[in-house]
Amino acid sequence: RRYYMIMEFVEGSNLRDFLRIRGRLSPTEALPLMLGLAKALKYSLEQGVTHRDIKATNILIASHGQAKLVDFGLATIDDDRKMAAAHGQRTVDYSALERTCGSPKGDPRSDIYFLGCVYYQMLTGKAAMAETETKDMLQKMLKRSFGAIKPLSEHQHAPDPELVRIIEKMMTVDLRNRYQTIEGVIDDLEAFAARDEEGGQRKAAAKDEEIGLDHAS
């Protein structure tokens with residue numbers, strides 16, 4: 001007559017530790033991971049739950065290559081009970097962002113912003129905003145300068161311009177220009193993946209044709 005929880009055992013590591021070993025991921029490696037995370041967030045939001053703490057340490061990379069969104073300890077639950085205690089909790093980064101752009105607590109678009117930051121980190125190997133060592137919450141808040149983030153397009157290993165556009169739209173501080181729903185993110189990522197796959201198939205066919213001509217000559 002005791003209640004207990006059963007949790008999945010994920011063999012692997014969190015994304016931050018994974019990137020410390022790998023450095024960064026190629027766009028081809030990162031895209032399916034991000035699509036999986038975006039769909040996980042979509043499911044969460046459909047249940048009325050905003051995560052409120054999306055970051056590299058709260059993402060597990062399983063040894064079979066799947067990304068898992070974990071640690072809903074600060075989640076906001078939007079239902080008839082309105083769980084007041086949950087609504088009052090958010091990280092320094094979320095608080096700084098929402099104060100900057102004027103969005104309400106528990107805004108799903110904040111999760112989209114920080115999911116974009118995760119994608120940025122996957123591709124560059126660098127966090128969009130450096131971690132602040134101080135334990136002073138006010139100092140941490142003041143040091144969060146969203147305008148100082150180096151544009152993804154300026155990095156040495158910047159991906160395809162269309163993918164840059166998607167990520168930068170996820171990370172736009174101006175709420176009017178950010179994705180309004182996670183479904184919009186998923187639609188654009190899937191469209192990009194389909195276009196990228198089609199382009200890869202054309203290149204492979206052209207290479208095969210070139211090899212065939214070389215053999216014929």
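Predicted model: local features only at pLDDT ≥ 70, side-chain atom pairs only at ≥ 80, totals over all residues.
Trainee: What pattern does the chain follow, read along the sequence?
Mentor: The chain contains eight helices and five strands. Of its 217 residues, 38% are buried. Read along the sequence, the elements follow the pattern β-α-α-β-β-β-β-α-α-α-α-α-α.

Trainee: What is the geometry of the pair formed by the rings of Y113 and F114?
Mentor: The structure holds two aromatic pairs. In the pair of Y113 and F114, the ring centres are 5.1 Å apart and the planes stand at 75 degrees. Planes over 60 degrees apart count as edge-to-face, so the pair of Y113 and F114 is edge-to-face.

Trainee: Which residues do ring pairs link into a cluster?
Mentor: Y113 and F114 are both buried. Y94 is among the buried residues of helix 4. Ring pairs link these residues into a cluster of Y94, Y113 and F114.

Trainee: At what distance from the ring centre of Y179 does K169 lie?
Mentor: K169 lies over the face of Y179. A charge sits over a ring only if the Lys NZ is within 6 Å of the ring centre. For K169 and Y179 the distance is 4.5 Å.

Trainee: How many disulfides does the count come to?
Mentor: C101 is buried, at a relative accessible area of 18%. C117 is buried also, at 10% relative accessibility. A disulfide requires a pair of cysteine sulfur atoms within 2.5 Å, and by this rule the number of disulfides is zero.

Trainee: How many of the 10 residues of helix 4 are buried?
Mentor: Helix 4 is mostly covered. Its buried residues are V92, Y94, S95, A96, L97, E98 and C101. After helix 4 comes G102, with a positive phi near 75 degrees. The number of buried residues in helix 4 is seven.

Trainee: How far does helix 2 reach from its first C-alpha to its last?
Mentor: Helix 2 spans residues 27-46 and has 20 residues. Its buried residues are A30, L31, L33, M34, L35, L37, A38, L41 and S44. Just after helix 2, G48 takes a positive phi of about 80 degrees. The reach of helix 2 is close to the expected span, at 28 Å.

Trainee: Which residue of strand 3 is the bridge partner of G12?
Mentor: Strand 1 (residues 12-14) and strand 3 (residues 59-62) run antiparallel and are joined by three bridges. Within this pairing, the partner of G12 is A62.

Trainee: Which residue in the hairpin of strand 3 and strand 4 takes a positive phi?
Mentor: Strand 3 pairs with strand 4 (residues 67-69) in the antiparallel sense over three bridges. In this pairing I61 stands opposite A67. The hairpin has four residues between the strands, and the positive phi, near 95 degrees, belongs to G65.

Trainee: Is R52 buried or exposed?
Mentor: R52 lies in the loop between strand 2 and strand 3. R52 has a positive phi of about 75 degrees although it is not a glycine. Its relative accessibility is 1%. Buried means under 20%, so R52 counts as buried.

Trainee: How far apart in space are I54 and I112, C-alpha to C-alpha?
Mentor: I54 is found in the loop between strand 2 (49-50) and strand 3. I54 counts as buried, at 4% relative accessibility. I54 and I112 are 58 residues apart in sequence, and their C-alpha separation is 9.0 Å.

Trainee: What is the relative accessible area of D71?
Mentor: D71 lies in the loop between strand 4 and strand 5 (76-77). D71 is not a glycine, yet has a positive phi of about 60 degrees. D71 is partly exposed, with a relative accessible area of 42%.

Note on methods. Residues numbered from 1 in each chain as written. Heavy atoms only, no water. Phe/Tyr/Trp six-rings, centres within 6.5 Å; stacked < 30°, edge-to-face > 60°. Buried < 20%, exposed > 50% of the residue type's maximum accessible area, 1.4 Å probe, protein only. Lys NZ or Arg CZ within 6 Å of the ring centre and 35° of its normal. Helix = DSSP H or I, 4+ residues; strand = E, 2+ residues; numbered from the N terminus. Expected span 1.5 Å × (residues − 1). Pairing = 2+ DSSP bridges.
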